[in-house]
Amino acid sequence: MAATKKKAVRKAKKGERIRQVAAVPFRRNAHGDIEVMLVTSRTTRRFIVPKGWPMKGKSGRKTATIEAQEEAGVLGKTLREPAGTYSYWKRLASHFVRVDVIVYLLEVTEELAHWQEAKRRQRAWLAPADAAMLIDEPDLSTLVKALKLPEPAPLDQV
C-alpha cells in the first residue's frame, strides 16, 4: 500500500474526508462529437474513470495524467483547471469511507496497445450520455453526462 493511501486510510479512520484525483480521457470522433473513455475497476469490474491517491511531490493534474496512463493506457494533455468534483463510498478491508475526487479532463493524443494495467482492466470509448448510464456513482455520472469542453482559443490568440 502506498504511503499516501496509508495516510488517507488513517485520516478516514478518524472520520476525516479523504481525497483522490481522477482523469476523464476524452477525444472527438470523426463527426466532431465528444467521446469519453471509461475503464473497469479491478475488483468489481464496474465502469469508472481512472483515479488514484494524491502522489507526493506531484500536482493533482499530474497525478491524474499518471493514473490515466497506468489504468487506461492513454497519453495526452490534461487540462489545467479541474472539470469538477464528485464523492463516493470506497470499500476498504473492514468498512467504507467517503472520498472526495477532483476530476481533470485529459485530451487523448495516443492510445497505448500495452500498458501497466492492461491485463486487469477493460476500456471503452462512449458518448458522454452512454458513459453516464454505466457509471454507478451518481455525482460522477452527472459530471460526465454534462461534460463541457473549454472552447479552443481563436487562432489570433494562440
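Predicted model: local features only at pLDDT ≥ 70, side-chain atom pairs only at ≥ 80, totals over all residues.
Buried residues have under 20% relative accessible area, exposed ones over 50%, and partly exposed ones lie in between (1.4 Å probe, protein chains only).

View 1. Local features need pLDDT of at least 70 and side-chain atom pairs count only at pLDDT 80 or more, while totals for chains, interfaces and linings use all residues. Residues are numbered from 1 along each chain as its sequence is written, and side-chain values use heavy atoms, leaving out hydrogens and water.

**View 2. Helices and strands in order.** You can find 4 helices and 8 strands here; helices (H or I, at least four residues) and strands (E, at least two) are DSSP runs, numbered from the N terminus.

**View 3. The largest nonpolar core.** A nonpolar core is a set of buried Ala, Val, Leu, Ile, Met, Phe, Trp, Tyr and Cys residues joined through side-chain atoms within 4.5 Å. The largest one has 27 residues, and F26, V36, V49, Y86, V101, V103 and L105 touch the most other members. Elements that each supply at least two residues include β1 (18–28), β6 (84–91) and α4 (138–145). The largest share, 5 residues, comes from β7.

**View 4. Around V49.** Which residues is V49 in contact with, leaving aside neighbours within four places in sequence? They are A22, A23, V24, L38, V39, E71, Y86 and L140, where contact means heavy atoms within 4.5 Å.
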